Amino acid sequence: MKLQNLTRPNYFAKTVLMGAMFSQALSGCNPKNSSLSGINARTSAATGNTIRVGEVSSLSGSEATFGLSTHRGIELAFDEINRNGGILGKKLELVTLDDRSKPEEAATAATKLIADSEVIAVLGEVASSRSIAMAPIAQNSKTPMISPSSTNPRVTEMGNYIFRVCFIDPFQGEVMAKFALEHLKVKKVAILRDVDSDYSTGLADYFTAALKKGGGTIVLDESYTSSDIDFKSQLTAIRAKKPDAILVPGYYTSVGLIARQTRELGIQAPLLGGDGWDSPKLVEIGGKALENSYFSNHYSNEDTAPKIKNFVTQFSQRYTSKPDGMAAMGYDAAMILVDSIRRSKTLSKQDLRDAIAETKGFAAVTGKISLNEQRNAVKPAVVLKIVDGLFRYQTTIQP
Amino acid sequence: MIELIQHLINGFSMGSIYALIALGYTMVFGILQLINFAHGDVYMVGAFTGFYAIHFFKLAEHPSWLSLALTLVVAMIGSGCLGWCIERLAYRPLRKSPRINVLITAVGVSLFLEFAGQLFFGADPKFFPQVLSFEGDWSFNELKINPLQVLIFVVSIFLMLALDWMIYRTRLGRAMRATSFNLEYASLMGIPTDQVISLTFVLGSTLAGAAGVLVGLTYPKIDPLMGVLPGLKAFVAAVLGGIGNVRGAVLGALILGLSEEFLVGYGAPTFRDALAFGLLIMILLFKPTGLLGLKRAEKV
């Protein structure tokens, strides 16, 4: 009331712009003020009676079930080792930090773990965007980092200290393309990709390439951003092209909503996806709309191989839920790290890196894992079908 | 043709949600010349109140109109109370300070709600249980109409008409209009302006709470940051229609909903959010009073 000497529209315009600026500036900025200074390659993590290992996980936020499952897998592995007397006479100690499903916080968490907790290695992250944010920090401080399930190829290209124990998206895209062409016998596929996610756009691109090579066509390639909740406009456009199947290479929260809206618009084509679907929340949100959809994954907990059966029993006993793919990958990543520590000449980060790089034919839950020169694992993928809300094993596709 | 009608229906249902939120912005601005940036977060709290009400009363086990009505009422009461508290605790003590102070406080309240929400509700998205389920959908050949979309539209229009009636046909509405015209003169004429202002916040927040439940019902994924973007867009809608003008807010919201829908459907899906803010800049440059806004001479 005191500033009324300004004409109203003018004053109003200024207020609006200032307000908008404030709100953007403040709400877009989460704590990320840790700097990289102060990190140097120390090995004190291995002194004393414990070996300290860091974990960056999305324990809350939009991909919370990924982080929680992975964390449980790692926890199970470490407890198993510690129960059996530890490793090299020392106990393993896990330091876990939550990144709330945000890349910038994953970077902060990695910095904290390496600088403050002086960990010998870092396990994480699940999502490729967040692993890509963490990787330069691990690389610069020469700390080995093992991502359990980031599938975008760029993750391990960030440096020679960055590893992963899962397959990569060029293969995963090929798997789904092969499955669509050979098992589902579909030719016309539409794509709905999440442009905010390195994982989603990468997988969509590799799928497109593989499908075209196999004689299929992409009838429409639509996109959304991860904060969207309404996909009907894209889906209405997709419906007009009458695809035989729709590839939705996103994460489970968005996919659940997309599946619902797909069926609401009367599209009956099956949905196809990748390991980003692997969460109990997927079916909770998507419900019946997801029936008869397919996605590729790291393993199936229905597999009867003794190694898998044993893992599933142990996990279910402790957490009263069946382990999903992320849990198995977390367990495998932890076990490969433990195995490498055992083989490492000394407990320096450098020797540990060399030991991880030499991993060959390690018998893990999700199959035999060998790391290639690009520090990626080469192994088969399974395709799961959603039937009555359960993920049922369909087929295994070899690399 | 069918695609076009489908896009129209989608656009109207999205637009009516923006309208419910935009009304709160516009009413508060009309009275206090304050942009209540916390309004989008009141919408979020409304959705969560509905979510907890459903779990508390176990409404999802018996989906019916009654369950929906109960959820709506609880959520509206919850967010109404929140609106009252925000006004009483954050804005009223600053009534006499420069407006920029209040504006910054509004941003602060917004952040407070967002992060308190992450603390109390958890940052992971929650599934909003279905309190009303329809068998199948209404389809005319290719044209599929989700009854929920129609429901959103009908409920929104009903609430807006009720608000319009209240503002232009009741004594209370007259008091609100008088307060919005000039706070000091209105209080000299014996209008309890503080109460009128409180009531305005409560009404606006109630509508936002209803929008929260309706969105939860159609897009069953809710999280503590769900209010940020719809809040900002509803604000753009209010400015577009002429902020301070109730009918303008509805018009602006429908225009925004439809233009987003057509932009995404026929052109560039990733520009959905850019469109709203592009519109904001355009309207501020060329017609700062908005489409239905009146240019009032300022008395010094």
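User: A salt bridge is a side-chain nitrogen of Lys or Arg within 4 Å of a carboxyl oxygen of Asp or Glu. With that in hand, which residue does Asp198(A) meet in a salt bridge?

Analyst: Keep in mind that this is a predicted model. The N-to-O distance for the pair is 3.7 Å, which sits inside the 4 Å cut-off and so counts. The partner of Asp198(A) is Arg154(A).

User: How is chain A divided up, and how far apart are the C-alpha centres of domain 1 and domain 2?

Analyst: Domain 1 of chain A comes in two stretches, 44-167 and 305-379, while domain 2 of chain A covers 170-297. Between the C-alpha centres of these two domains of chain A, the distance is 29 Å.

User: Which three residues supply more than any other three of the area that domain 1 of chain A buries against domain 2 of chain A?

Analyst: One trio accounts for 32% of what domain 1 of chain A buries against domain 2 of chain A. Those residues are Thr65(A), Phe66(A) and Phe167(A).

User: What about polar links: how many residue pairs are in polar contact across the interface of domain 1 and domain 2 of chain A?

Analyst: Salt bridges first: the rule finds one across the interface of domain 1 and domain 2 of chain A. For polar contacts across that interface, with both residues at pLDDT 80 or more, the count of residue pairs is seven.

User: Is Asp339(A) buried or exposed?

Analyst: Asp339(A) pairs with Arg343(A) in a salt bridge, N to O 3.1 Å. The two lie in helix H12 of chain A, four residues apart, about one turn of the helix. Arg343(A) is partly exposed because its relative accessibility is 35%. Asp339(A) has a relative accessible area of 19%, so the call is buried.

User: Where does Arg342(A) lie, and which residues is it in contact with, leaving aside neighbours within four places in sequence?

Analyst: Arg342(A) lies in helix H12 of chain A. At 46% relative accessibility it counts as partly exposed. With those sequence neighbours left aside, Arg342(A) is in contact with Ile81(A), Gly86(A) and Ile87(A).

User: How many residues apart in sequence are the parts that Lys232(A) and Glu264(A) tie together?

Analyst: Lys232(A) forms a salt bridge with Glu264(A), closest N and O atoms 3.4 Å apart. Both Lys232(A) and Glu264(A) are buried. Lys232(A) is in helix H8 (residues 232-240) of chain A and Glu264(A) in helix H9 (residues 252-264) of chain A, so the pair ties together parts whose separation in residues is 32.

User: How far apart are the closest N and O atoms of Arg392(A) and Glu302(A)?

Analyst: Arg392(A) is partly exposed, with a relative accessible area of 36%. Glu302(A), at 34% relative accessibility, counts as partly exposed too. The two form a salt bridge, and the closest N and O atoms are separated by 2.5 Å.

User: Over in chain B, is Thr170(B) buried or exposed?

Analyst: Thr170(B) sits in the loop between helix H5 (147-169) and helix H6 (171-181) of chain B. A polar atom of its side chain lies 3.1 Å from the backbone nitrogen of Gly173(B). The relative accessibility of Thr170(B) is 17%, so it counts as buried.

Note on methods:
Residues are numbered from 1 along each chain as its sequence is written. Chains are lettered from A and ligands numbered from 1 in the order in which they are written. This is a predicted model: local features need pLDDT of at least 70, side-chain atom pairs count only at pLDDT 80 or more; totals for chains, interfaces and linings use all residues. Side-chain values use heavy atoms; hydrogens and water are left out. Domain bounds come from an automatic or database domain assignment. Buried area is the accessible area (1.4 Å probe) that two parts lose on being put together, summed over both. A polar contact is a pair of N or O atoms within 3.5 Å; within protein, one must be able to donate a hydrogen and the other to accept it, and residues adjacent in sequence count only if both atoms are side-chain atoms. Buried means under 20% relative accessible area, exposed over 50%, partly exposed in between (1.4 Å probe, protein chains only). Contact means heavy atoms within 4.5 Å.
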